[in-house]
Amino acid sequence: MKKLVLLFLVSVLALTTVRAQDFEFKADQIDIKYERFVLPNGLTLLVHEDHKAPIAAVNVWYHVGSKNEKPGKSGFAHLFEHLMFNGSENFNDDYFQALERIGGTDLNGTTNSDRTNYFQNVPVSALDQVLFLESDRMGHLLGAIDQEKLDEQRGVVQNEKRQGENQPYGKQWDLLTKAM
């Protein structure tokens with residue numbers, strides 16, 4: 001009897017695996033509804049509502065990356081990414097700690113050649129606070145930067161660069177970009 005039940009389960013599993021592999025996904029089938037708003041200052045917002053969970057995901061992109069840096073002077077976009085986590089004129093405190101206090105998860109920032117972005121997931125009740133923090137660091141960053149913060153973050157960025165370059169193929173993107 002046990003062998004019969006086991007044979008049945010293996011057969012069902014094999015059939016579902018075959019059917020799952022037959023599924024073909026096409027990009028033109030994706031249709032995520034969103035609203036687009038363009039503010040007078042040029043800021044573009046894309047808003048998608050999904051009420052499955054009481055969570056708001058905020059992702060802010062700046063069209064500034066390493067492509068905007070002068071040859072021989074690299075790391076500024078990444079440095080500013082780090083500095084923007086250290087507070088602003090109206091909230092001069094660590095953003096990670098502030099977001100964690102209000103229930104933020106999956107929060108960080110990234111920089112590449114084309115853009116710098118910041119992202120976080122927060123309870124819907126904290127959306128206003130996150131939008132304030134994002135807008136404040138967008139418009140009131142410079143008054144919060146002092147020499148101590150600049151030196152600290154410069155060291156952090158330099159260390160991240162060293163760690164990346166010390167990995168196998170760590171310099172591949174720099175060399176490929178230069179060669180192209």
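Leu43 sits in the loop that joins β1 (35–38) to β2 (44–47); strands are DSSP runs of E, at least two residues long, and helices are runs of H or I, at least four, numbered from the N terminus. The model is predicted: local features need pLDDT of at least 70, side-chain atom pairs count only at pLDDT 80 or more, and totals for chains, interfaces and linings use all residues. Residues are numbered from 1 along each chain as its sequence is written, and side-chain values use heavy atoms, without hydrogens or water.

Leu43 is partly exposed, with a relative accessible area of 32% (buried is under 20%, exposed over 50%, partly exposed in between; 1.4 Å probe, protein chains only). Leu43 belongs to a nonpolar surface patch with Phe37, Leu39, Leu45, Val47 and Met138. Patch residues have over 30% relative accessible area and no salt bridge, with nonpolar side chains joined within 5 Å. A salt bridge puts a Lys or Arg side-chain nitrogen within 4 Å of an Asp or Glu carboxyl oxygen.

Now the sheet. Three strands form an open, antiparallel sheet in the order β3-β5-β4; pairing takes at least two DSSP bridges. The twist averages 10 degrees from one strand to the next.

β3 and β5 (residues 116–123) pair over 8 bridges. Tyr62 stands opposite Thr116 in β5.

Helix α2 (residues 76–83) packs on the sheet, touching β4 and β5 (heavy atoms within 4.5 Å). Its direction makes about 155 degrees with that of β4; axes are fitted to C-alpha atoms, for helices over the stretch in contact, and angles run from 0 to 180 degrees between N-to-C directions. Helix α4 (residues 127–139) lies across β3 and β5, at about 10 degrees to β3.

How values were computed: Patches are made of residues with over 30% relative accessible area and no salt bridge: like charges are joined within 9 Å, nonpolar side chains (Val, Leu, Ile, Met, Phe, Trp, Tyr) within 5 Å. Accessible areas come from the Shrake-Rupley method with a 1.4 Å probe; for residues, only the protein chains shown count as cover.
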